[in-house]
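Here is a short note for a colleague opening this structure for the first time. The points below can be read with the model on screen.

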Amino acid sequence: MPELNDRKFDLVVSIFGAMFAPKPFDVAKEMVRVTKPGGRIVMGNWIPGDPTLVAQILKISSTYTPPPPEGFISPMLWGVETNVIERFSQAGIPKERIDFLRDSFTFNFSGTPSEFVDAFRNYYGPTMNAFAAADVNGKSETLKSELENLFITQNKSLAKNSTIIPATFLRVTVNV
């Protein structure tokens, strides 16, 4: 794949994406490298331990999967301000040029909470991995039940066949 040119973009955006790359310091360095001086980097990152949906999905899912390999760096650490500052500081950005805001993303799903769990089971990597591990151990129904309970309790929709769940994330804005 061809490399992107240095200082090419006015705005670099990653919403719940770059946080899952395996080398976070390299991610920060590359985002800074391709951003023009005076440009911005904006990230949306899930927050570890947050009581809202995604952090809780990951918490539940992790109890069904084997421990990560040695040297694994959790993507959730992108949701911790001190880690973000450290990563971008090593890429040459002073902490004074990094802003944080806790924001909310609302999942709107046309279906029941149980059907929404099925969508996560089929399309969201961490949940897919948890179900694969739970299947091996004969615990997939227990996992499904835990996730359904989570989705039901966090659902704000009053409609029977609709799921609306807000989830908190950390919005990071880096002024290059």
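1. Arg7 sits in the segment before β1. The model is a predicted one.

2. Phe16 belongs to the loop between β1 and α1. Are these residues buried or exposed? Arg7 counts as exposed because its relative accessibility is 52%, and exposed means over 50%. Phe16 has a relative accessible area of 19% and is therefore buried; the limit for buried is under 20%.

3. Helix α1 covers residues 24-34 and helix α3 residues 81-90; their axes come within 8 Å and cross at roughly 55°. The two helices are therefore oblique to each other. The crossing in which α1 passes α3 is right-handed. On the α1 side the contact is made by Pro24, Phe25, Ala28, Met31 and Val32, and on the α3 side by Glu86, Arg87, Phe88 and Gln90. By type, six of the contact residues are nonpolar, one is polar and two are charged.

4. Which residues of α1 are buried? They are Pro24, Val27, Ala28, Met31, Val32, Arg33 and Val34. Their cover includes α3, together with β1 (9-15) and β2 (35-46).

5. Phe88 deserves a separate look. Apart from residues up to four places away in sequence, Phe88 touches Ala28, Met31, Val32, Ile41, Met43, Trp78, Ile93, Ile98 and Val174. The largest nonpolar core has 46 residues, and Phe88 is one of four, with Ile41, Trp46 and Phe151, that touch the most other members.

6. Ala167 is part of strand β4, residues 163-175. Its relative accessibility is 0%, so Ala167 counts as buried. What is Ala167 in contact with, leaving aside its neighbours within four places in sequence? The contacts are Trp46, Thr52, Leu53, Val54, Asp103, Ser104, Phe105 and Phe107. Gln90, which takes part in the contact between α1 and α3, is 77 residues from Ala167 in sequence and 30 Å from it in space, C-alpha to C-alpha.

Technical notes
Residues are numbered from 1 along each chain as its sequence is written. This is a predicted model: local features need pLDDT of at least 70, side-chain atom pairs count only at pLDDT 80 or more; totals for chains, interfaces and linings use all residues. Side-chain values use heavy atoms; hydrogens and water are left out. Axes are lines fitted to C-alpha atoms, for helices over the stretch in contact, and angles run from 0 to 180 degrees between N-to-C directions. Helices (H or I, at least four residues) and strands (E, at least two) are DSSP runs, numbered from the N terminus. Angles under 35 degrees count as roughly parallel, over 145 as roughly antiparallel, 65 to 115 as roughly perpendicular and the rest as oblique. A crossing is left-handed if the near helix is turned anticlockwise from the far one by less than a right angle, and right-handed if clockwise. Contact means heavy atoms within 4.5 Å. Ala, Val, Leu, Ile, Met, Phe, Trp, Tyr, Cys and Pro count as nonpolar, Asp, Glu, Lys and Arg as charged, and the others, Gly among them, as polar. Buried means under 20% relative accessible area, exposed over 50%, partly exposed in between (1.4 Å probe, protein chains only). A nonpolar core is a set of buried Ala, Val, Leu, Ile, Met, Phe, Trp, Tyr and Cys residues joined through side-chain atoms within 4.5 Å.
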